[in-house]
Amino acid sequence: MTNRKAPLFAVSCSLLAVAINGGKRSLREIPKAALIVHDPKMCAGCGVCEVMCSLYHEGVLGPALARSHVVRQPFTAEHSRDTCQQCSSPSCYSACPLKDKAMRIDQTTGTAYVVDDGCTGCGACVDACPFDPPRISINLQKNVASKCDLCRERQAGPICVEYCPFQALKIASKDRRG
Amino acid sequence: MSRIYGWAGKVLQVDLTDETINKVPTTNYKPQEFIGGVGFNAKIFWELGCPKVDAFDPRNPLIISVGPLTGIYGPFGKGEVCSISPQCYPDELFTYSGFGGVFPAKMKYAGYDSIVISGKADGPVYLSIHDGAVEIKAANDLWGVDTFETQKVLMNDEPEASVLAIGPAGENLSRVAVILSETKFAAGQGGFGAVMGSKNLKAIAVRGTGVVEVAKPDRVMELARIIMEENEKLIPRLRSIFRVPYTAPQETRDVFARKYFKKHYGCYGCPQQCHSIHHIPGIGLSGVSCADWLWAPTFSIDPKEIWEANVLSQRLGINTFEGIIGLPFLLALSLRSGILTSKEIEEDIDLPTPKWLGGTATNHEFLTALLGKIANGESPYAGGTARFTEHFGKRLVSGKKLVELYEELYTARGYVFHHVDNLGSALHWATDTRDPIDSCHDYKNPSFPEANEHFGLPRYDSYQIVDLTKTVYQGAERVAAWVEDNQCLKNSLPVCEFWSMMPNFYRPPGMDIRIFESSMLSAATGLDMDADQLAKAGERIWNLRRAIMVKRENRTRENDTLNEPYFRKAITCLAGSATGLVNGPIDKAKFEALKDRYYDLRGWDVDTGWPTRAKLEGLGLDDIADELASIGRLPEVPS
């Protein structure tokens with residue numbers, strides 16, 4: 001059920017976000033419990049969000065190590081994007097055997113984030129994610145879990161939102177989801 | 001080199017006859033000297049001995065390369081195909097064609113800088129690449145299927161694959177067949193779709209789950225910000241111009257913008273996304289950009305007819321420049337100038353004549369007949385406009401005049417006119433192996449004279465042919481040489497045509513296009529290559545291409561020319577709305593003197609147009625000088 005509702009949330013949140021903030025926000029302004037919403041109507045499927053995500057977080061370029069995933073549909077132009085939906089009670093966090101060491105909750109934004117040094121890559125979080133495909137994956141190069149943390153240490157906020165050439169990505173407050 | 005950054009690291013060699021698959025290190029091909037793209041393709045072709053075979057001979061290699069910047073954020077998303085071209089006329093020459101989209105990045109993520117395909121499969125096959133797993137698979141069910149449907153099938157079988165495919169035109173060896181990816185990204189000029197067809201190779205499907213490792217990620221991040229800022233400046237120029245049929249009347253444009261435009265799209269990782277997608281129910285969804293719109297207004301201003309022309313040629317895998325622009329233009333102008341009658345077109349040439357050909361057929365009937373003949377490989381239609389004209393030139397009463405008209409429209413080597421409106425461009429046309437369309441905008445920078453001067457070049461307005469009172473031949477050789485080297489770089493790094501022009505990234509003295517490219521290359525690869533060294537790499541690649549022409553094609557000064565009418569009369573050009581803009585003629589004697597200066601500037605022999613040993617060795621191409629000497633094609637140095 002949850003994942004079927006997700007796109008509806010995404011669309012409504014994105015419309016809301018356009019109305020509220022016009023797209024760009026700095027990290028300081030990101031409300032607690034926020035998420036990045038994708039507007040499929042605006043998305044060109046260009047992959048800029050993927051390459052910038054992998055560059056910022058991993059120092060390499062390519063969708064394989066990005067924390068979001070664009071599914072490009074060249075024959076319909078209806079591109080979708082899979083990324084962490086920033087659950088209020090994250091199953092990934094609950095499932096982590098090294099809770100608060102390998103996976104923690106960011107006190108500013110409420111996002112669950114992985115601490116590379118503590119993570120053993122056991123994959124319990126991946127199995128626990130309620131979405132299909134899971135929005136958390138194992139970075140096989142480093143053998144640690146990898147998920148969107150809203151670029152929690154980046155002053156300018158999520159790099160994908162900043163670099164999206166079509167403002168198809170927005171930060172929305174989860175409070176608005178009701 | 002123990003560890004390689006920027007480049008993927010491997011060259012994939014596939015022989016379809018023996019069904020052998022090899023992977024060799026990219027370092028075998030000196031990446032720091034030949035960069036990638038056309039540079040790699042030319043180097044690989046040279047190492048293969050520049051085979052003197054026909055385009056459809058199994059020994060003709062089809063070479064596809066990306067570059068060290070492919071897969072990185074920015075205007076680096078294209079790949080380059082090189083092969084012996086069935087479209088070149090009268091001789092089949094080794095030439096190039098770029099293509100954008102997602103395939104090049106996926107190929108890089110799969111681990112390959114180049115794919116070299118030779119031989120010929122027994123029956124229809126496709127090449128499946130999933131990172132290190134490479135297989136030649138049967139494609140019997142896909143033979144005869146159009147480019148869109150072929151890709152859909154393969155993307156279903158191999159989820160998230162990116163596909164290069166040919167349509168019926170390529171299968172049936174039409175010399176104007178393209179290799180297509182998605183709806184719009186094509187290696188168009190060259191007829192390389194038919195080279196794939198001649199190898200029984202229907203498609204290449206690639207899945208890449210690797211990444212591009214860069215030497216200095218922080219520096220790449222800094223340059224990404226510059227790219228983002230530059231993109232903001234380019235958006236109004238690119239996206240808005242090509243969103244609608246810009247040559248059609250306003251109301252046609254409005255209909256596309258309002259009713260049919262769906263969204264922009266473009267190459268992977270590029271913020272510009274300069275192509276656009278439109279959808280007209282009943283005809284279909286497809287992509288479009290600059291030249292694809294040129295069916296309007298001459299043949300139709302009806303949105304549905306404009307769109308059908310595009311979608312049909314894309315599905316059949318036909319070069320739009322030939323099938324829906326070039327040949328129809330030749331026929332229309334033949335009728336207008338009294339060379340052909342409507343009856344001759346209808347009966348002798350066997351094509352339905354719509355209103356603009358003096359008849360009553362619909363555009364739909366004309367298009368399906370013409371594109372059908374091309375896609376079915378029917379001679380002479382599938383031979384391209386050059387061979388079509390040669391055929392009917394011998395058979396029709398006014399055949400001689402038809403050939404003459406062709407020679408006006410097709411500037412050189414069987415390629416249709418596009419921006420031969422200044423002397424630099426004319427010289428580039430004369431010295432290349434095809435139309436240098438991917439550099440035409442470099443010759444069109446009238447608004448940026450300061451950028452010309454920054455690079456030590458004459459001001460744009462001085463070397464135009466458009467206004468004969470202002471034409472100055474002196475200095476055009478420097479413009480052509482700069483643009484040719486720039487072309488080699490943009491097709492090797494690669495950098496998009498629209499981004500690689502002089503005025504872009506222009507913030508002197510600290511930043512210009514060459515400084516930007518060398519900075520990005522250094523950040524990606526870790527090589528310390530400054531702007532001058534990079535410019536030298538461009539010159540090296542152009543010299544290697546010249547050496548291939550000299551060795552394989554016996555190229556000499558005599559061949560460096562345009563079709564004869566360009567030196568005799570004003571040419572009504574096809575650019576834009578296909579009206580007005582009268583150029584020329586080019587003064588033959590002054591053009592020959594311009595060539596003298598060009599060869600001299602290039603360090604080539606003025607009598608033969610062959611590169612000299614001194615020039616080749618100065619570029620580190622000693623082995624090439626030795627090889628040319630051994631076949632007697634290295635100029636004698638006067639003692």
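**Exercises: where the pieces touch**

In this predicted model, V60(A) sits opposite E213(B), a residue of β13(B).

**Exercise 1.** Work out in which sense strand β2 of chain A and β13(B) pair, and over how many bridges.

*Solution.* Start with the strand on chain A: β2 covers residues 60-61. Its partner is β13(B), and the two run in the antiparallel sense. Now count the bridges: there are two.

**Exercise 2.** Describe the side of chain B that touches chain A.

*Solution.* First, count residues, calling two of them in contact when their C-beta atoms lie within 7 Å. Chain B brings 33 residues and chain A brings 22. Next, look for elements of chain B that give two or more residues: these are α4 (147-157), β13 (212-213), α7 (217-242) and β14 (261-265). Then pick the top contributor, which is α7(B) with six residues. Finally, sort chain B's side by class: 19 nonpolar, nine polar and five charged residues.

**Exercise 3.** Now stay inside chain B and describe how domain 1 meets domain 2.

*Solution.* Begin with the bounds: domain 1 spans 10-207 and domain 2 spans 418-630. Their centres, taken over C-alpha atoms, are 27 Å apart. At the contact, 33 residues of domain 1 meet 28 residues of domain 2. On the domain 1 side, α1 (31-34), α2 (37-47) and β5 (94-99) each give two or more residues. The largest share, seven residues, belongs to α2(B).

Conventions: Residues are numbered from 1 along each chain as its sequence is written. Chains are lettered from A and ligands numbered from 1 in the order in which they are written. This is a predicted model: local features need pLDDT of at least 70, side-chain atom pairs count only at pLDDT 80 or more; totals for chains, interfaces and linings use all residues. Domain bounds come from an automatic or database domain assignment. Two residues are in contact if their C-beta atoms, placed from the backbone, lie within 7 Å. Helices (H or I, at least four residues) and strands (E, at least two) are DSSP runs, numbered from the N terminus. Ala, Val, Leu, Ile, Met, Phe, Trp, Tyr, Cys and Pro count as nonpolar, Asp, Glu, Lys and Arg as charged, and the others, Gly among them, as polar. Two strands pair if DSSP finds at least two bridges between them.
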